Amino acid sequence: MTAQKTLLLCTCDKTQSFDPEKLRTAAAADQVIAVDQLCGKELATAAESLGGTSDVLIACGQQAALFERLSEDVEAEFQHSAPLNTIDIRDRAGWSAPNADPKRLNAKQAALIAAAQLPPPMAPVKTIQSGGVCCIVGPTEQAIRMAELVQDELGVTCVVSDKGLVQLPSAGYDVARGQLTAAQGALGNFQLEFSQLQSLNPAGRGALGYGEVKASARSECDVFIDLRGAEPAFPSHQKRNGYFWADPTKTGELERIALTARERVGEFEKTVYFNLETSLCAHSRANKPGCTRCLDVCPTEAIFSFGDHVQIDSDICAGCGSCAAVCPTSAVTMNETPFEAITKAVDVMAKVYREHTNESPRLVFHTRDAGGDAIAQLARYGDGLADDLIPLGLEHVDRIGHAEILAALGAGYAEVLILADNEEDRQAVASEVELTQAMVSGAHHSPSRVRVVAATELSVAGDNAGRVSDPVLLVGGRRDITRVTVGAMAGKVEAPIPLPVGAPYGAIEIDSDKCTLCLACVSLCPTGALNDHPDRPEVQFTENACVQCGVCESTCPETAITLKPQLDLSKDALSARALHGEEPFECVSCGKPFGVASTINRIVEKLENQHWMYTNSDNVQLIKMCDDCRVKAQFHGKNAPMAGGERPRVRTSDDYLDS
């Protein structure tokens, strides 16, 4: 039986308007209640609904914490509280410019509520144990001060980098002197390497001294505090769980770090953000290098080579999703923000918006934290989002690749924007935006339909606002939706669309003058884009399956292969075509075809009368024979090198008696 649902709406002191019935339909709610101050004088309305039996959806994001506390109070008093969900429709839709179209704003509100009804993806979690062993590295004064701040909760060892220690420190932590040379790991499992390490000797009278110098030493810890003030020990250090880096000369930094570091003791649940299907990975084959896209973009260096495929350290992975955004084979997918969930959300929002306005909306991807805060600031103190701009919040915008953008265009959005929180975000999505713009331009559309923006641009009408983009059926994987969307935008199929270097779509070209049809490229192709012909020496190619990994290019012993990034929308790209082929050579003995005619003739040309074994000899005929005939000739032919002498007659008893 389907649970009943109540939708609570609030005008936020009459500063926003909405269509209650349209929002009730979008929420699939049984009843809707609209008030002016749900968090204030009409809070009793929320309490009454939470005390009922139906699920409650409150359309207020700002006071979500208040309503959660109210739900706990209701449950404590009545031993029951209805399930509660909250959603913001004010900052993202209700508050906009004075000249905003109310019909568009109401359509946005309905679209946001409809998308919120989709089931959230379930991501698995793993358990991380931290015993609270902490290593503090840095100048003596700051390291000792930090140790004093955290010693009550953590087991501390200070590795100082200078000779500044003049008095015996507290017995609550250990002190050593040395230089950090390497670091790896994450919360609960850091491995540190030091050079010239000396432990403090607390015994004796007079000046403090250190023990024997160790040229190199290793240590493990659960929490790593880096106060050296130099470059962080890890890339994207802010995403490394359990690692704390700070400039020790900055006021308040030590106290700020200490507050968080002290809590890193015990058992923690960490989301496993990704799913890796190694059989799909095109990283390498037979030690020949191939695709390195995920390795190139991972900001935390959580991905590493592991033979023919890559591996991802789930302890280090911060879940940005940049690997999934660029993976051409979908070997890496995200558990928290899977492609299918993003596609479904953008599709539902576009559909609801069109139903209410008969127009195409625009979409902006943003981060939930900084991006969401920027949108809230813009709504409260500025003109808010443009009335046709629908926001979709994610944990990281790195997660957005060309397939996600094209899925949105395929859903019918007039423009797709990405709100970059900083220059790092802008650089993270730059290559995927460039790739998408190349496809859009090749389909004879303006590249401005896809762009990275700052928060100040979200209030402005877009270059393509008001246009109508017909949606396509978003079925299949990333490559399928990319092809369908660009094909629909292009209309009549023309020449292949040229793409930037490194694009995961394209053809390969074979220099027929160099290629010997050894078929090494065919045997190592990880996606099956290259195949051979069953009856003759020939390399066949299916362009739609090629991910431009480069394994074939690095494998070819004759360097005859060149990658050609492009997107071919014709039906020819879906079936195999011959790239290079020749007639087989026919055995001079039995007539069976074998090998490649040009290769056999080239070998004969190089050896006949050029080598002593093939001078004034029939041995050159062996080269022209198939395997079976060659073996027979070597054993039974005249002057055969492997032929035995005349077999002696078998002697019998009579032979011995007669002798």
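Me: How many bridges join strand S3 to S4?

Reply: Happy to start there, with a note that this is a predicted model, where local features need pLDDT of at least 70, side-chain atom pairs count only at pLDDT 80 or more, and totals for chains, interfaces and linings use all residues. Residues are numbered from 1 along each chain as its sequence is written, and side-chain values use heavy atoms, leaving out hydrogens and water. Strands are DSSP runs of E with at least two residues, numbered from the N terminus, and two of them pair if DSSP finds at least two bridges between them. S3 (residues 55-58) and S4 run parallel, and the number of bridges joining them is 3.

Me: Which strands stand at the edges of the sheet?

Reply: The sheet is open, with 4 strands in parallel pairing and the order S2-S1-S3-S4. Each edge strand has a single partner, so one side of each lacks a neighbour in the sheet; these strands are S2 (31-35) and S4 (84-86).

Me: At what angle do helix H1 and helix H5 pack?

Reply: Helices here are DSSP runs of H or I with at least four residues. Axes are lines fitted to C-alpha atoms over the stretch in contact, and angles run from 0 to 180 degrees between N-to-C directions. H1 and H5 are therefore roughly parallel, a label for angles under 35 degrees. H1 (residues 20-27) and H5 (residues 102-116) have axes 8 Å apart, and their angle is about 20 degrees.

Me: Which residues in H1 meet H5?

Reply: Contact means heavy atoms within 4.5 Å. On the H5 side the partners are Asn106, Gln109, Ala110, Ile113 and Ala114, and those in H1 are Leu23, Ala26 and Ala27.

How values were computed: Angles under 35 degrees count as roughly parallel, over 145 as roughly antiparallel, 65 to 115 as roughly perpendicular and the rest as oblique.
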